[in-house]
2 protein chains.
Amino acid sequence: MRRPTLEAVAARAGVSRATASRVVNGQTTVAPHIRDAVLRAIDELGYVPNSAARSLVTQRTDSIALVISEPGTRVFSEDPLFSTAIRSAMVELEAANRQVVLMLASNAKSHARVERYISGGHVDGVMLISMHGADPLPSALSRLRVPVVSYGRPAVPVDIPFVDNDNVGGAEAGVRHLVESGRRRIATIAGPQDMIAGQDRLAGYRNVLRDSDRRSIVAVGDFTRESGAIAMRQLLGDDPSLDAVFVANDLMAVGALQSLRQAGRRVPDDVAVVGFDDIEAAKYTEPPLTTLRHPVVEQAAAMVRLLLGLFEGGPTDPVILPTELVIRESA
Amino acid sequence: MRRPTLEAVAARAGVSRATASRVVNGQTTVAPHIRDAVLRAIDELGYVPNSAARSLVTQRTDSIALVISEPGTRVFSEDPLFSTAIRSAMVELEAANRQVVLMLASNAKSHARVERYISGGHVDGVMLISMHGADPLPSALSRLRVPVVSYGRPAVPVDIPFVDNDNVGGAEAGVRHLVESGRRRIATIAGPQDMIAGQDRLAGYRNVLRDSDRRSIVAVGDFTRESGAIAMRQLLGDDPSLDAVFVANDLMAVGALQSLRQAGRRVPDDVAVVGFDDIEAAKYTEPPLTTLRHPVVEQAAAMVRLLLGLFEGGPTDPVILPTELVIRESA
DNA sequence: ATCTCATGAGAGAGCGCTCTCTCACCTGTC
DNA sequence: GACAGGTGAGAGAGCGCTCTCTCATGAGAT
């Protein structure tokens, strides 16, 4: 009833366990006819190596943890960037024959769980998606003796290699586009200020406004559609004469567009809108959204390569990827 | 340099390895002062049990595979139902102290990979999200000696317990709403006909039209926004006098709304639109979408409970969850 | 014909843990 | 005071595999 072991394969092929092991692991020091006999036995018995036994002796698991540290339930489910990044990372890891253990770290309890799991030697390395500054997990994990890389620059200074996109440069390009198209009163809906993407995109906005002698008008959201809608209403109340808004992500821009519609403002005639991320939905808003595209798939793949490189003592330099302005109809 | 073993803990506490093991596994047959000594040693050494060694002897891994069998790259990344279901399943599994190994099965090669992995005894059970009829994975996995449950009724008749929502009933309720509000020419944008959700929602549409003596007008999409936009244009060409459309999911409804806008049709005045799924974005379309809500979170949680129940020889009856019509402005 | 050396295969230890079996010791009973 | 019964702790096997060490064999050199 139990699954066949290497012992059984060896017995059937008439060789020792060691030789069977050599064949399974593709060593070349086995004579062809013996190799064939072993392969036949494997096939006949339906033998599959026991991973627990193997990693007990090899001290490696061929598994990678993908830890998503995000207190809000909303963002993970709703922001397609997460799933896109996860998918891309998985494809890349599968090509390297690694398994992916997905872990959510939403509160102190699950943080402890994750730490225990990671230090339990279940995985060879960790990919961390943690965006919030107050998150204790990055530093906690960096103390463990496990290779860790981060998707996005960690919000706290901690010695973890990371891959990020050029948030500041992207925001600058977006706001500059608004300036160059003649907009005078350019507001922004910023992301959460405990997140690097939130901070950096706001910094980019401020940089350009400062250089073009405009006053900054800021509302802060939390990267959800709903917060974008609320922030837009607030901005319209603060400064009814605004004629453009740079929104720190597309999800909030979707909410902002709805608020503008409800307030009777035409986009882009009355108010120009620029988003950030270029999610698929940006093509389907009314009007379609001008936004900044960044290479999520590439970023996730680069993160995987960074981690796999670490195993072989590769470089730990951060990787920064460029963004690109995609002009549609909203600005 | 190596992680401390149970042996080290036992030595430090001055007990045998067996006693240390008893403490670690919470057995009560250990005298309090000895138990304390062991716990202190564990703490001082930072001991964490080696999972490979443990599962080698216990023959269980406390891990569950979540297999997503989806050939298209798009749907996984874009449809928020996937991430919502995944998240919900994970929360439920973490509560049961199980790990989640995420696997993508997109082509024959990765199918083989998944099969090998599952039969390698890496996991105690499998949760399968496979929606396409031609998918060989459900029957392949059901042959392995591993408990398997499915998210959604498998498209091929195969003996796997599953949890699904009432697709037929939901579609009927949506179309009935259109009939009752006086619409005469009600079209549908159906989902892929090799998927159960696609088939059942179309069946629901047909049921109601038949009962109300209306002619059915059908275009078929693939559950993406883009296919919804294309299908809507096609429907308008086929029958310019249509005054309502039931769209088999919200993503396609988003695309359909864009095509209606481009064709100069007002929603709901000229054409009423009903979607399916009630994704978050449905609140932010122009106009907000009337749609059918089904309990994705609950469905995923039920799937987990079904699987965990299987381990204890629980029931294998399918679970069907109800849907609910959410009326907004599009119909 | 003897010796050297490369080559292929087996023996066996050991990875870290669980769990059964065994045994020592203590309490209570007649 | 002898014995039964119960309780707590240790000894040791074994889970399935890898990998080093050892050894047998045969080809080539002298």
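Good morning. Two strands are said to pair if DSSP finds at least two bridges between them. I begin with that definition because strands of a sheet pair through backbone hydrogen bonds, either parallel or antiparallel. Please keep in mind throughout that the structure shown above is a predicted model.

Let us apply the definition to chain B. Strand β6, residues 186-190, and strand β8, residues 244-247, both of chain B, pair in the parallel sense over 4 bridges. Within this pair, B:Ala187 stands opposite B:Val245 of β8(B). These two strands belong to an open sheet of 4 strands in chain B, ordered β7-β6-β8-β9, with parallel pairing. At the edges are β7 (217-220) and β9 (272-274) of chain B, each of which pairs on one side only. From one strand to the next, the twist averages 20°.

Helices pack on this sheet. Helix α9 of chain B, residues 167-180, touches β6, β8 and β9 of chain B, and its direction makes about 170° with that of β8(B). Helix α10 of chain B, residues 196-211, touches β6 and β8 of chain B, and its direction makes about 170° with that of β6(B).

I would now like to consider one residue of helix α10 of chain B, namely B:Gly204. Is B:Gly204 buried or exposed? The cut-off for a buried residue is 20 or more other C-beta atoms within 10 Å of its own. B:Gly204 has 27 C-beta neighbours inside 10 Å, and therefore it counts as buried. Which residues does B:Gly204 touch, leaving aside those up to four places away in sequence? They are B:Asn167, B:Val168, B:Gly169, B:Gly170, B:Ala171, B:Glu172 and B:Val175. For one of these, B:Ala171, the C-alpha atom is separated from that of B:Gly204 by 4.9 Å, although the two residues are 33 residues apart along the chain.

We turn next to the meeting of the two protein chains. Here, 42 residues of chain B are in contact with 42 residues of chain A. On the chain B side, the elements that each supply at least two residues are α4, α5 (73-78), α6 (80-95), β2 (99-105), α7 (108-119) and α12 (250-262). Among them, α6(B) gives the most, with 8 residues.

Finally, we come to the DNA. Around DNA strand D there are 27 residues, the closest being A:Thr5, A:Leu6, A:Ala53, B:Thr19 and B:Ala31. Two or more residues come from each of α1 (6-13), α2 (17-24) and α4 (51-58) of chain A, and from each of α2 (17-24) and α4 (51-58) of chain B. Which element gives the most to the surface near DNA strand D? That element is α4(A), with 5 residues. The surface comprises 14 nonpolar, 8 polar and 5 charged residues.

DNA strand C has 27 residues around it, and those that come nearest are A:Ala31, B:Thr5, B:Leu6, B:Asn50 and B:Ala53. The residues near DNA strand C divide into 14 nonpolar, 8 polar and 5 charged.

Thank you for your attention.

Note on methods:
Residues numbered from 1 in each chain as written. Chains lettered and ligands numbered in written order. Predicted model: local features only at pLDDT ≥ 70, side-chain atom pairs only at ≥ 80, totals over all residues. Near = placed C-beta within 6 Å. Nonpolar A, V, L, I, M, F, W, Y, C, P; charged D, E, K, R; others polar. Contact = placed C-beta atoms within 7 Å. Axes fitted to C-alpha atoms, helices over the stretch in contact; angles between N-to-C directions. Buried ≥ 20, exposed ≤ 12 C-beta atoms within 10 Å, placed from the backbone.
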